[in-house]
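Thank you all for making the time this morning.

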Amino acid sequence: MSHVREMCVIGLGLIGGSLLRAATTAGRTAWAATESTVDAEAATVDGYDAGTDVAAALHRAAQRDAIVVLAVPLTAVDDVLRQVGEHAPECLLTDVTSVKGPVLDSVRRLAPSARYVGGHPMAGTARSGWESGRSALFAGSAWVACVEEDTNLAAWAEVAELALAVGARVVPLPAAVHDEVVARISHLPHLLAAVLAGVGAQGGPLAATLAAGSFADGTRVAGTRPELVRAMTEGNREALLPILDEALGKLGAARGSLASTGGLGATISTGNQAVRTMEELRAGKRAGVRVDLAAPDARDGLCALGERGGRITAIDGTVASGEVA
């Protein structure tokens, strides 16, 4: 890429703060704004360009033709998009929100002139806030960069290059496909962790004394700030409901088997094999692939690559190179 676009991050929680750190480390000029005085002051003390005036940050982004990254909870997206529409209406815009369909709808409604590419880095911890961030958070992680029928592929390439610059691997997907998959591997686990934590806590002091690795592994994400978990799960309601029904069906089958025959072999064996299969898929050999972003079928090619679990690892001009199983 001949020109490295400057970057404006709105929100300085775990993901936004980590992105500001990582992009700055990679040599990109970047600044940020957040409504959290605590996070803004902490970032400033650490030597970063940060403040609490979102409108001013967006106005600067418009003047500098910077890429704007929304790193706020889903519940705050509409308010920020109204400011984007007012202060930087034609900016290159992306986000790091864990639900993509609702954000896409909001962008089309509130900032329709923005060159928008939905994004979601599959990285994070149960902690939040500026102090929890780190520049290496995205290293080796998957970063979804959404491709819709009307996506500007030049804009998509710039968002993908930002993700690559901070160490991630880019997975191109339509928003609807992203939302269904994350309902399975992120949002359902958050709900199950919450239920498991609640059931365990009913055991009182003795349960707390005896709880060990299996309980800690199963409940880790239950320590995430409740408002963040509510935003992602409730925001992905349409995709999450059928996945939750699927999980309840499997739990019901396990309960029925335990009650009738005393056995849980089918449930446990299926789960064990599923974990092994996913590990094999992650560790399996991958073939190289190239997508010409200037080709008429480039969007279809990118989506097909992503839906097969493929990822983009480099972009050179109009050629995106990657790998797929």
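Which residues have the most contacts inside the largest nonpolar core? Before I answer, please keep in mind that what you see is a predicted model. The largest nonpolar core has 48 residues, and those with the most contacts inside it are Met7, Phe138 and Trp156. Helix H6 gives the most to this core, with nine residues. There is also a second, separate core, of 34 residues, which includes Ile10, Trp31, Leu58 and Val99.

Let me stay with H6 for a moment, which runs over residues 153-165 and reaches 18 Å from its first C-alpha to its last, close to the 18 Å expected at 1.5 Å a residue. The helix is mostly covered, in that eleven of its 13 residues are buried, and among them are Trp156, Glu158 and Glu161. As for Trp156, its contacts beyond four places in sequence include Val117, Cys146, Pro172, Leu302 and Ile315.

Now to the charged pairs. The structure holds 14 salt bridges, and in one of these the side chains of Arg5 and Glu158 meet at 2.6 Å, N to O. Arg5 lies in the segment before S1 and Glu158 in helix H6, so this pair ties together parts that are 153 residues apart in sequence. Both Arg5 and Glu158 are buried, Arg5 having a relative accessible area of 7%. The side chain of Arg5 also makes a polar contact of 2.9 Å with that of Asp65, and a network of salt bridges links Arg5, Asp65, Arg115 and Glu158.

How do other pairs look by comparison? Asp150 and Arg108 meet through their side chains in a salt bridge of 3.1 Å, N to O; Asp150 lies in the loop between strand S8 and H6 and Arg108 in helix H5, so here the parts tied together are 42 residues apart in sequence. Asp150 is exposed, at 55% relative accessible area, and Arg108 is partly exposed, at 42%.

Finally, Arg82 forms a salt bridge with Asp79, with the closest N and O atoms 3.0 Å apart. These two residues are three apart in helix H4, and are therefore separated by about one helical turn. Arg82 is partly exposed at 44% relative accessibility, and Asp79 is partly exposed at 48%.

Notes
Residues are numbered from 1 along each chain as its sequence is written. This is a predicted model: local features need pLDDT of at least 70, side-chain atom pairs count only at pLDDT 80 or more; totals for chains, interfaces and linings use all residues. Side-chain values use heavy atoms; hydrogens and water are left out. Buried means under 20% relative accessible area, exposed over 50%, partly exposed in between (1.4 Å probe, protein chains only). A polar contact is a pair of N or O atoms within 3.5 Å; within protein, one must be able to donate a hydrogen and the other to accept it, and residues adjacent in sequence count only if both atoms are side-chain atoms. Helices (H or I, at least four residues) and strands (E, at least two) are DSSP runs, numbered from the N terminus. The expected span of a helix is 1.5 Å times one less than its number of residues. A nonpolar core is a set of buried Ala, Val, Leu, Ile, Met, Phe, Trp, Tyr and Cys residues joined through side-chain atoms within 4.5 Å. Contact means heavy atoms within 4.5 Å. A salt bridge is a side-chain nitrogen of Lys or Arg within 4 Å of a carboxyl oxygen of Asp or Glu.
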